[in-house]
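This note is written for a colleague who is meeting the structure for the first time. Please keep the sequence and the model in view while reading the points.

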Amino acid sequence: MTTENKSIVQRALAGLIETGDVDALAPFLSDDFIHHRPGTTTSTKSEWLAAVDAALVPLAGMQVEIHQVLADGDHVVVYSRRWFPDAGPEIAVVDIWRIGDGLIVEGWEIIEPVAQVAANLVWWEPAQH
């Protein structure tokens, strides 16, 4: 099941990245799909697909490099880095997908500009006494 769940997510993302069309992604999402972002932002399937579709034009040409695809039970985690070849910040993205009945039923997304990663590690440093 874990391998099958990874395959569902990989096929969904590959279809979107290769075609640049949300119609390639939509069949992999359940009708009651919910997408979460940090804070209180959640979207239904139609809201999220509309947001992804609207983002595709300004994001055309973005390079996506998937570093890890990990699965455990009904969850699949994807770590990727994304950037524009000519300009713009590189971002690190962690997507967590929950699979149910062969479809993606829930997703969480965390995005962080790579340039801020070092600054955000300060809280890990031991206090100076």
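The numbered points below go from the overall layout to individual residues.

1. Basis of the note. The model is predicted, so that local features need pLDDT of at least 70 and side-chain atom pairs count only at pLDDT 80 or more, while totals for chains, interfaces and linings use all residues. Residues are numbered from 1 along each chain as its sequence is written, and side-chain values use heavy atoms, with hydrogens and water left out.

2. Layout of the chain. The chain contains three helices and six strands. Helices (H or I, at least four residues) and strands (E, at least two) are DSSP runs, numbered from the N terminus. Starting at the N terminus, their order is α-β-β-α-β-β-β-β-α.

3. Surface and burial. The chain has 129 residues, of which 29% are buried. Here buried means under 20% relative accessible area, exposed means over 50%, and partly exposed lies in between (1.4 Å probe, protein chains only). The accessible surface of the chain is about 8200 Å², and carbon and sulfur atoms hold 57% of this surface. Accessible areas come from the Shrake-Rupley method with a 1.4 Å probe; for residues, only the protein chains shown count as cover.

4. Contacts along the chain. A contact means heavy atoms within 4.5 Å. Of the contacts between residues at least 6 apart in sequence, 37% join residues at least 24 apart.

5. The largest nonpolar core. Which residues have the most contacts inside the largest nonpolar core? They are Val9, Trp48, Trp97 and Ile104, in a core of 20 residues. Such a core is a set of buried Ala, Val, Leu, Ile, Met, Phe, Trp, Tyr and Cys residues joined through side-chain atoms within 4.5 Å. At least two core residues come from each of helix H1 (2-19), strand S1 (29-36), helix H2 (45-56), strand S4 (75-83) and strand S5 (91-100). H1 gives the largest share, five residues.

6. Tryptophan 97. Leaving aside residues up to four places away in sequence, the residues that tryptophan 97 touches include Val9, Leu13, Phe33, Trp48, Val78 and Ile104. Its list of contacts also includes His35, Asp74, His75 and Glu106.

7. Valine 78. This residue lies in strand S4 and is buried, at 1% relative accessibility. The C-alpha atoms of valine 78 and valine 93 are 7.9 Å apart, although 15 residues separate the two along the chain. Among the residues that valine 78 touches, not counting those up to four places away in sequence, are Val9, Leu13, Ile66, Val93 and Trp97.

8. Serine 80. Strand S4 also holds serine 80, which counts as buried at 1% relative accessibility. With residues up to four places away in sequence left out, serine 80 touches Val64, Glu65, Ile66, His67, Ile91, Ala92 and Val93.

9. The structure holds five salt bridges, each a side-chain nitrogen of Lys or Arg within 4 Å of a carboxyl oxygen of Asp or Glu. In one of them, the side chains of arginine 82 and aspartate 95 meet at 3.2 Å, N to O. Arginine 82 lies in strand S4 and aspartate 95 in strand S5, so the pair ties together parts 13 residues apart in sequence. Both arginine 82 and aspartate 95 are buried.

10. Other salt bridges. Lysine 45 pairs with aspartate 31, with 3.6 Å between the closest N and O atoms. Because lysine 45 lies in helix H2 and aspartate 31 in strand S1, this pair ties together parts that are 14 residues apart in sequence. Lysine 45 is buried at 16% relative accessible area, whereas aspartate 31 is exposed at 72%. A further salt bridge, of 2.9 Å from N to O, joins glutamate 106 and arginine 98. Glutamate 106 is buried, with a relative accessible area of 16%, and arginine 98 is partly exposed, with 27%.

11. Aspartate 101. Is aspartate 101 buried or exposed? It is exposed, with a relative accessible area of 84%. Aspartate 101 lies in the loop between S5 and strand S6 (103-113), and has a positive phi of about 55° although it is not a glycine.
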